[in-house]
Amino acid sequence: MNAQELALSSSRNPRTAATDANHFILTFENNRFASELFGQFDQNLKLIEERLNISARPRGNSVSISGDLVATNQARRALDFLYDRLQKGGTVEPSDVEGALRMAVAADDQLSLPTMERKAKLSMAQITTRKKTIAARTPTQDAYMRAMERSELVFGVGPAGTGKTYLAVAHAAQLLERGAVDRIILSRPAVEAGERLGFLPGDMKEKVDPYLRPLYDALYDMMPGDKVERAITAGVIEIAPLAFMRGRTLANAAIILDEAQNTTSMQMKMFLTRLGENGRMIITGDPSQVDLPRGVKSGLVEALQILDGVDGISITRFKDVDVVRHPLVGRIVRAYDAQYVIQDEREQIDR
């Protein structure tokens, strides 16, 4: 820790007092924020202790941190970021602590040029809507959120629970509120485990809604419910199956295609060519969960091969370590991936 990091900060920020290289005390000026930061019954500090294998002992509005030098600095960066989040009107839940810790650990492995000094403070991409602010919880989420700001066409691919769809909808809501686009268009292919729309009861909306429920859920998380309803009624937010996209040019819109692994090659090409002037397109999916009939190639898998390296297109690949749902989900993904590897090896031997 350098001298600047050890100096007492202004009353707005936590103070750091050092006792030795592996032990220091953080003091937070705002008692209420400190209490929220530490969590009910100090659950957030206990989580930090568990994840980093350090000691984090609270006393009033201070916390004494000791342990491995690298780990204690990771804890300091995470707490500093979370305290700043509280100062800006946000909240701190255990999931936010998990995310800050992941980013702090990742930041420790990154060197900043040209000084090659360790990063002293976390810089995490954020999406802000009228209803909430979302900060990246993994380095891949951070890259994905920055790619959506930078590129007109973004692919977010990987296992369930990594936040691909949720962050895409959040970004679209942010663009709409900024006035950067005039509308949001959300779409999914109506293919789920072999079922077809015609076998479902009700009119077309009632048939389609079950497939699009995750998109609805994310929308209501980002925007007030009454505003979502009005926007859907007015056509500002359009939710439709992929089949309805043919023949259209989608200009001044944020367009999301979810569950894209279930598109055929022709459907994917058709969708990609809908992009109009001032359009932003985000395509999400998990190539390992294709529900298409046997022998039909996934349009997502093909597009990732064909479009890799094309200027203006970003591809973000999530892995099991990026799962931000229950920790068990990540272990489930890893177990299945390991089994698929074994099956592939056996099939190669049989050939």
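Predicted model: local features only at pLDDT ≥ 70, side-chain atom pairs only at ≥ 80, totals over all residues.

Reader: What makes strand 12 and strand 13 a pair?

Author: Two strands pair if there are at least two bridges between them; strand 12 and strand 13 have 4 bridges, in the parallel sense, and therefore they meet the criterion. Strand 12, helix 10 (residues 265–272) and strand 13 also make a right-handed β-α-β unit.

Reader: How do you know that strand 9 pairs with strand 13?

Author: The same test applies, since at least two bridges are needed and 5 bridges join strand 9 (residues 153–157) to strand 13, the two running parallel.

Reader: Why is strand 13 called largely enclosed?

Author: Buried means under 20% relative accessible area, and 6 of the 6 residues of strand 13 (residues 280–285) are buried, so the rest of the structure largely encloses it. Arg280, Ile282 and Thr284 point one way while Met281, Ile283 and Gly285 point the other way, and all are buried. In a regular strand, side chains alternate between the two faces of the sheet.

Reader: Why is glycine 247 called exposed?

Author: The label requires over 50% relative accessible area, and glycine 247 has 67% relative accessibility, so it counts as exposed. Glycine 247 lies in the loop between strand 11 (237–241) and strand 12 (253–257).

Reader: How many aromatic pairs does the whole structure hold, and why is the pair of phenylalanine 28 and tyrosine 83 called tilted?

Author: A search of the whole structure finds 4 aromatic pairs. For phenylalanine 28 and tyrosine 83, the centres are 4.8 Å apart and the planes are at 45°; because the limit for pairing is 6.5 Å, and stacked needs under 30 degrees and edge-to-face over 60, the label is tilted. Phenylalanine 28 lies in the loop between strand 2 (23–27) and helix 2 (31–38) and tyrosine 83 in helix 4 (residues 69–87), so the pair ties together parts 55 residues apart in sequence.

Reader: Is phenylalanine 28 buried or exposed?

Author: Phenylalanine 28 is buried, because its relative accessible area is 0%, and tyrosine 83 counts as buried at 1% relative accessibility.

Methods:
Residues numbered from 1 in each chain as written. Heavy atoms only, no water. Buried < 20%, exposed > 50% of the residue type's maximum accessible area, 1.4 Å probe, protein only. Right-handed = clockwise from strand over helix to strand, strands pointing away. Phe/Tyr/Trp six-rings, centres within 6.5 Å; stacked < 30°, edge-to-face > 60°.
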